[in-house]
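I set down each item as I looked it up.

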Amino acid sequence: PQWQPSMVFNFLMLPGYGHADYLALTRRLAHAMPSPKRYQYARPSARPDRLRVGYLSGDFKSHPCNQLACPVFERHDHKRFEWVAFDNSRDDASPARQRILAVFDRVVAVQGLGSVALAQAIEAEGIDVLVDMSGHTTDNRLDVMALRPAPVQVSFLGYPGTLGADWMDYVIGDPQVAPLAHADDFSEKIAQLPLCYQPNDSRRPLPEPTPRAECGLPAE
């Protein structure tokens with residue numbers, strides 16, 4: 001009755017569909033986005049002293065994607081790169097949100113901006129590589145990615161599949177999520193790194209193990 005981006009995420013888990021079916025579905029969604037031919041913001045520029053990388057996300061809060069990505073962000077190289085967060089998240093005042101936003105060189109609050117205004121804000125920041133962290137999930141801004149506000153656009157982490165979009169250049173994956181043998185099933189080029197798809201947080205506190213007896217299991 002009402003369209004939600006998470007429906008496409010759920011489609012990944014439905015039996016009986018092949019890779020070609022899934023690519024056809026996401027391409028149909030991508031074609032419904034604003035035409036990148038209308039707005040041509042991104043212009044290749046002279047290589048700066050530090051490449052400026054932007055992360056666009058609706059999950060900079062207490063959220064699984066935030067928990068997975070934070071340790072990666074904390075290890076980013078600030079000498080060779082400049083890191084900008086385009087924050088489309090609801091402020092939940094959580095420690096997780098404060099921790100992740102603290103690692104960026106600059107945070108730009110973008111929630112509530114329309115497609116063109118947000119694309120202009122990204123272009124104004126001079127972003128060389130724009131990384132979308134949401135894909136076809138809640139609070140995504142694929143409408144902005146479709147306007148191509150950066151010369152290179154990448155999909156990472158938040159969505160384990162192709163976006164079906166000509167305006168997304170790369171998907172960062174690993175041999176499980178994005179096998180090179182399935183390259184024809186991705187609209188993006190696969191940037192494959194070993195075991196990279198789902199990093200995790202070694203600093204996150206863990207609960208005490210549940211006693212086996214509580215689960216009806218023998219002590220040994």
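Predicted model: local features only at pLDDT ≥ 70, side-chain atom pairs only at ≥ 80, totals over all residues.

**Entry 1. Salt bridges**

I began with E125, whose relative accessibility is 12%; because buried means under 20%, E125 counts as buried. I then looked for its partner and found that the side chain of E125 meets that of R52 in a salt bridge, at 3.6 Å from N to O. This pair links distant parts of the chain, with R52 in strand β1 and E125 in the loop between α5 (115-124) and β4 (129-132), 73 residues apart. R52 has 21% relative accessibility and counts as partly exposed.

Next I looked up E82 and R50, whose side chains also meet in a salt bridge (3.6 Å, N to O). E82 lies in strand β2 (residues 81-87) and R50 in the loop between α2 (19-31) and β1 (51-57), so the pair ties together parts that are 32 residues apart in sequence. I recorded E82 as buried, at 16% relative accessibility, and R50 as partly exposed, at 30%.

I then turned to D139, which forms a salt bridge with K61, the closest N and O atoms being 3.6 Å apart. D139 is in the loop between β4 and α6 (142-145), and K61 is in the loop between β1 and α3 (64-74), so this bridge ties together parts that are 78 residues apart in sequence. For the structure as a whole I noted 14 salt bridges.

**Entry 2. Nonpolar cores**

Which residues have the most contacts inside the largest nonpolar core? I listed L56, F86, I122, I127, L130, M145 and W167, in a core of 26 residues. The elements that give two or more residues to this core are α1 (6-11), α2, β2, α5 and α6. Apart from this core lies another, of 19 residues, among them V53, C70, F156 and L157.

Not counting residues up to four places away in sequence, L130 touches G54, L56, F86, I122, M145, P149, A150, V152, Q153 and V154.

**Entry 3. Helix α3**

I looked up which residues of α3 are buried and recorded C65, N66, L68, A69, C70, P71 and F73. These buried residues pack against β1 and α4 (95-101). One of them, C70, is also listed in the core of 19 residues.

**Entry 4. The largest pocket**

I noted a volume of about 390 Å³ for the largest pocket. Its lining has 18 residues, of which Y55, H76, W83, V131 and I172 lie nearest the centre. At least two lining residues each come from β1, α3, β2, β4, β5 (152-156), β6 (170-173) and β7 (189-192). β1 gives the largest share, 3 residues. What is the make-up of the lining of the largest pocket? I recorded 16 nonpolar residues, 2 polar and no charged.

**Entry 5. The second largest pocket and Y22**

The second largest pocket has a volume of about 310 Å³. I found 16 residues lining this pocket, and the closest to its centre are L12, H19, Y22, P160 and G161. The lining divides into 9 nonpolar, 6 polar and 1 charged.

Y22 has its place in helix α2 and is buried, with a relative accessible area of 10%. Leaving aside neighbours within four places in sequence, I found Y22 in contact with V8, F11, L12, Y159 and T162. As a distance check I took Y22 and Q111, which are 89 residues apart in sequence and 29 Å apart in space, C-alpha to C-alpha.

Methods: Residues numbered from 1 in each chain as written. Heavy atoms only, no water. Salt bridge = Lys/Arg side-chain N within 4 Å of Asp/Glu carboxyl O. Helix = DSSP H or I, 4+ residues; strand = E, 2+ residues; numbered from the N terminus. Buried < 20%, exposed > 50% of the residue type's maximum accessible area, 1.4 Å probe, protein only. Core = buried A, V, L, I, M, F, W, Y, C linked by side-chain atoms within 4.5 Å. Contact = heavy atoms within 4.5 Å. 1 Å grid on protein atoms, 1.4 Å probe; cavity = no way out; pocket = protein on both sides within 12 Å on 5 of 7 lines; lining within 4 Å. Points joined across faces, edges and corners; volume = space filled by probe spheres on them. Nonpolar A, V, L, I, M, F, W, Y, C, P; charged D, E, K, R; others polar.
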